Amino acid sequence: QVQLVESGGGPVQAGGSLRLSCAASERTLSWYFMGWFRQAPGKERDFVASISRSGGGTEFADSVKGRFTIFRDNAKNTVYLQMNSLRPEDTAVYYCSASSLYYSSLYYTRSTASYNYWGQGTQVTVSS
């Protein structure tokens with residue numbers, strides 16, 4: 001059972017940056033591919049970014065491509081989401097997720113159904 005704890009959220013002005021962290025209880029985080037999702041009030045949970053077990057492969061939603069970066073430090077059991085050039089529409093609760101499943105392509109990591117484990121979320125609020 002992997003426990004995930006997000007941190008780093010908070011209020012920020014448009015154009016600003018935040019770095020979210022996801023600390024995992026699992027000492028072998030490299031066994032899991034990781035993802036970030038977000039959910040705005042009244043909306044579905046949407047894919048933001050994912051990263052392969054080694055960190056060599058990443059996938060991003062079109063809405064954040066070029067602004068967000070995902071990276072991991074398996075030695076520290078932590079995954080990060082660096083968010084730059086934030087916009088009001090980025091306001092949401094951001095969730096970290098982990099998966100022990102295997103897929104032939106990172107494309108399949110865009111679905112919430114691909115993940116076994118979820119954190120409790122951290123709120124990001126971007127003001128204009």
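These legends describe close-up views of a predicted model.

View 1. The protein has 11 strands and zero helices. Read along the sequence, the pattern is β-β-β-β-β-β-β-β-β-β-β. The C-alpha trace spans about 40 × 25 × 25 Å along its principal axes. For 128 residues, a compact globule would have a radius of gyration near 14 Å, and the 13 Å of the protein agrees with that. Of the 128 residues, 48% count as buried. The accessible surface comes to about 6500 Å², and 46% of this area belongs to carbon and sulfur atoms. Among contacts between residues at least 6 apart in sequence, 61% join residues at least 24 apart.

View 2. Strand β1 covers residues 4-7, with one covered face and one uncovered face. Leu4 and Glu6 make up the covered face. Val5 and Ser7 make up the uncovered face. Strand β3, residues 18-24, pairs with β1 in the antiparallel sense. Four bridges join the two strands. In this pairing, Val5 stands opposite Ala23 of β3.

View 3. Strand β4 holds residues 33-39 and runs antiparallel to β5. Six bridges join the two strands. Met34 stands opposite Ile51 in β5. Five residues lie between the strands of this hairpin. Among the hairpin residues, Gly42 takes a positive phi near 75 degrees. Strand β5, residues 45-51, is mostly covered, with five of its seven residues buried.

**View 4. Strand β5 also pairs with strand β6.** Strand β6 spans residues 58-60. Three bridges link β5 and β6 in the antiparallel sense. Ala49 has Phe60 of β6 as its bridge partner. These two strands form a hairpin with six residues between them. Gly55 lies in the turn and has a positive phi of about 90 degrees.

View 5. The structure holds 10 aromatic pairs. One of them is Phe33 with Tyr115, at 5.3 Å centre to centre. Their planes stand at 75 degrees, and the pair is edge-to-face. Phe33 lies in strand β4, while Tyr115 lies in the loop between β9 (92-99) and β10 (117-118), so the pair ties together parts that are 82 residues apart in sequence. Both Phe33 and Tyr115 are buried.

**View 6. Tyr107 and Tyr108 form an edge-to-face pair.** Why is this pair edge-to-face? The ring centres of Tyr107 and Tyr108 are 5.7 Å apart and the planes meet at 80 degrees. An aromatic pair needs centres within 6.5 Å, and planes over 60 degrees apart count as edge-to-face, so the label follows from these two values. Tyr107 is exposed, at 53% relative accessible area. Tyr108 counts as partly exposed, at 41% relative accessibility.

**View 7. Tyr108 sits in the loop between β9 and β10**. Leaving out residues up to four places away in sequence, Tyr108 touches Tyr103 and Ser114. The C-alpha atoms of Tyr108 and Glu59 are separated by 9.8 Å. These two residues are 49 residues apart along the chain.

**View 8. Eight aromatic residues form one cluster, and charged ends sit over two rings.** The cluster is made of Phe33, Phe37, Phe47, Tyr103, Tyr107, Tyr108, Tyr115 and Trp118. The charged end of Arg45 sits over the ring of Trp118. The distance to the ring centre is 4.9 Å. The charged end of Arg53 sits over the ring of Tyr102, at 3.9 Å from its centre.

**View 9. Two loop residues other than glycine take a positive phi.** Asn77 has a positive phi, near 55 degrees. Asn77 is found in the loop between β7 (68-73) and β8 (78-83). Buried or exposed: which is Asn77? Asn77 has a relative accessible area of 14%, and buried means under 20%, so Asn77 is buried. Ser85 also takes a positive phi, near 50 degrees. Ser85 lies in the loop between β8 and β9. At 41% relative accessibility, Ser85 counts as partly exposed.

Key
Residues are numbered from 1 along each chain as its sequence is written. This is a predicted model: local features need pLDDT of at least 70, side-chain atom pairs count only at pLDDT 80 or more; totals for chains, interfaces and linings use all residues. Side-chain values use heavy atoms; hydrogens and water are left out. Buried means under 20% relative accessible area, exposed over 50%, partly exposed in between (1.4 Å probe, protein chains only). Two strands pair if DSSP finds at least two bridges between them. Rings of Phe, Tyr and Trp (its six-membered ring) pair if their centres lie within 6.5 Å; planes under 30 degrees apart count as stacked, over 60 as edge-to-face and the rest as tilted. A charge sits over a ring if NZ of Lys or CZ of Arg is within 6 Å of the ring centre and within 35 degrees of the ring normal. The radius of gyration is taken over C-alpha atoms; the globule rule is 2.2 Å times the number of residues to the power 0.38. Contact means heavy atoms within 4.5 Å. Accessible areas come from the Shrake-Rupley method with a 1.4 Å probe; for residues, only the protein chains shown count as cover.
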